[in-house]
Amino acid sequence: MTKMRSNRLKIIFMLCLACVTTGGQHFESKVAQLLQDETEHIKCFVEGKDLTCFWEEEEERNHLHNQYTFTYSYENKNKMACAVSSLSLLASNKTIFFCKLAKTPFFTTLHVQVHRDGQKLYTRSLNAENFLFLDPPRNLTVLSSGKEGQLNVSWLPPQLKYMDDSMIYEVRYAAEGSDLGKVEVIKVSTMLVLLGLESDTRYKVWVRVKPDGVAYKGYWSAWTEPVFGVTPPSDVDPLIVLLVLSIGLILCLLSLTVILSHQKFLLKKLWPDIPTPEHKFPGLFTVYKGDFKEWMSHNNGSMWGRSVHVYTEELPSPLEVLSEVSLTSHDTSHREEVKPAEEDEEKESERSDSGLTDRWPDPPHAHWLMDQLRALQENPESHSQSSLLQSHDTYVTLNQGDIEQQADDVFEETLPLQTLFSSAGTPSLSISHSDLGSLQQSSGSGRLSSQSSLEYPNHTWPPKGPGYAYMAVADSGVSMDYSPMSSSRIAELGRHRIYTNDYKNEIFPHKWPLSGQYIKSG
Amino acid sequence: MQTFSGLVSILTVFLWLGGNLVSPLRPICDLRVLDHFVREARDSEVIMRGCRGGCGVMKSYFVPLTSVDFAVWEHMDVTGQAVEVQTGLSLLDQALSNAMKTVSNSPLTSALDNNISNIHSLGQILHSLDLQQARSTVLPDDSAPASAQTQEVSSLPELLQVQSSFLRGKVRLLLSAAPACQRQNS
């Protein structure tokens with residue numbers, strides 16, 4: 001029986017000690033904090049329902065607590081005394097004297113005074129309800145809400161009557177290992193959901209409390225001990241995964257369908273066939289096994305035109321006429337050789353009425369030629385059978401392409417070039433020979449080379465309308481009139497701009513009549 | 001004569017009906033209303049501190065005691081608390097009205113007028129909480145001798161400070177512990 005009583009007493013004592021220790025710890029921490037923050041000599045705070053006022057011992061003075069007296073008064077009542085106690089703070093190695101009012105009057109002005117050895121030391125007037133120093137919140141818990149990036153934080157308010165609805169809380173949280181933290185303020189409510197947190201992260205959470213300042217005012221309490229919580233890992237919504245997979249599958253099927261439907265086209269674009277000239281040379285590789293010589297010998301005539309046609313994709317515009325004319329007299333054969341130097345012809349407008357080489361370096365016989373042409377203009381008939389015609393040389397004309405007869409002209413020009421007549425000394429020939437110049441297809445440089453590669457396939461030039469014109473013309477439109485044949489059109493030649501190689505061949509089927517020749521300029 | 005008595009009886013019936021058949025007010029238990037009044041009383045103190053001229057004269061006012069000893073207050077019954085609160089509100093109403101007569105500063109006049117209307121509203125709130133029984137004990141004028149529940153202040157700033165303390169203390173404690181509100185919460 002005695003043992004049981006002693007055991008009970010021990011337990012009660014231990015509990016009381018624990019309570020005092022806890023309270024003492026809170027008390028000391030509050031005192032320590034106010035020692036730093038409060039500037040008044042008498043520092044007061046309300047803990048629970050009691051007001052505690054304390055002051056610091058002066059440096060290097062060892063006063064005893066009984067040397068001090070603490071008095072207070074309110075509402076014109078008489079002064080009341082309060083018992084003074086001392087406390088040594090271990091952390092800061094300071095000594096304080098304090099007084100705890102047993103029955104603290106709230107909502108009225110208190111006048112407190114501290115005397116030492118009968119002398120007034122400090123005074124202060126304050127309202128007790130404005131100096132609440134609450135304990136930290138209790139039972140802080142941090143739980144995962146199950147949702148991504150969220151944590152549920154809850155706590156209990158400090159045990160204080162009448163003030164539950166007058167408190168404001170501050171929640172501080174930070175990821176473990178991080179110094180940066182965020183703060184959330186919440187009124188009255190004792191739970192909070194933290195949002196916007198990182199997934200699968202450990203967080204530390206603290207909470208503190210203070211009166212809201214309407215009915216009661218006070219200091220921020222100390223932070224609670226940190227409590228840890230882990231946010232759930234990010235989970236992908238299965239519906240979203242399913243949708244993404246479905247869309248991906250549909251896209252794949254669509255692209256596959258497109259690829260298959262345009263297989264050939266795509267293959268052609270991505271892996272183009274190396275072009276072969278087989279189709280242009282029928283039978284070359286199949287029959288003749290690539291023997292071109294043999295193929296040529298078998299397909300010479302028929303293929304030639306085609307090949308020419310292949311290469312002449314556009315209207316052959318230039319004509320180079322090289323004529324060698326010796327124009328000394330009517331009887332003598334002239335060899336007119338016009339070998340224009342290689343010059344650039346600029347514009348067709350620069351071709352003057354003469355249509356001659358104004359810009360070209362005059363060949364030696366150019367002036368003579370000019371004279372001849374003028375003579376022809378004056379007397380076209382007398383020069384109908386000029387010595388030019390009688391020249392041994394031949395020159396060839398090409399139809400540049402009259403608009404009316406463009407189709408025919410094209411066809412005509414696809415025909416191989418051939419001399420209109422071959423031998424000199426045939427006066428009946430109406431067409432003068434000339435050295436056939438190479439086809440000039442340069443489009444802009446009026447170069448006329450004096451090559452004389454002649455091609456004289458045996459091909460009758462189909463007769464066309466009356467007259468012909470022959471000249472060496474470059475694509476630029478410069479025309480060089482070499483015609484020894486005079487006609488009334490020569491006069492026109494001098495007047496009009498000559499930029500085309502247009503002619504009308506007057507060749508009769510069998511012979512090459514000399515008469516009726518004129519130059520038709522386009 | 002008979003007509004007159006008939007009219008009187010009819011009027012009595014109406015008065016009785018008016019007295020008893022009035023539907024009870026819905027209890028106003030939200031303390032945010034009182035907090036609003038407390039803030040406006042504090043605003044008057046701020047305006048008073050900044051007042052320069054026309055801020056009233058030195059005059060004695062009888063005001064209620066505002067100190068609250070929680071231990072004592074908890075042991076007091078609700079009726080006693082209600083009486084204290086009602087009496088105090090009446091004293092404040094009179095004191096503020098008298099003070100306003102001496103004030104010419106318009107912001108201060110406006111603030112005092114606001115405080116007076118807030119006190120009237122508090123009376124309605126107490127009525128809604130069935131705590132209006134003590135109205136009959138209100139002292140009619142300020143010339144009456146100070147009771148144990150009153151004190152004397154000699155300036156308007158002190159009067160305003162008493163008002164703030166009274167609203168924050170006794171009035172709030174009474175409203176927060178009103179039985180009508182306790183029944184509502186439970």
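Guide: In chain B, helix α2 (residues 31–49) and helix α5 (residues 106–128) pack at an angle of about 155°, their axes 9 Å apart. This is a predicted model, where local features need pLDDT of at least 70, side-chain atom pairs count only at pLDDT 80 or more, and totals for chains, interfaces and linings use all residues. Residues are numbered from 1 along each chain as its sequence is written, chains are lettered from A, and side-chain values use heavy atoms, without hydrogens and water.

Visitor: Which residues of α2(B) and α5(B) make the contact?

Guide: Contact means heavy atoms within 4.5 Å. Among them are B:Phe37 and B:Glu40 of α2(B), and B:Leu112 and B:Asn118 of α5(B). The contact residues divide into twelve nonpolar, five polar and one charged; Asp, Glu, Lys and Arg count as charged.

Visitor: What makes up the area buried between chain A and chain B?

Guide: Buried area is the accessible area (1.4 Å probe) that two parts lose on being put together, summed over both. Here that is about 1,900 Å², with carbon and sulfur atoms giving 48%. A:Phe107, A:Tyr162 and A:Val214 supply 38% of what chain A buries against chain B. In all, 23 residues of chain A are in contact with 20 residues of chain B.

Notes: Axes fitted to C-alpha atoms, helices over the stretch in contact; angles between N-to-C directions. Helix = DSSP H or I, 4+ residues; strand = E, 2+ residues; numbered from the N terminus.
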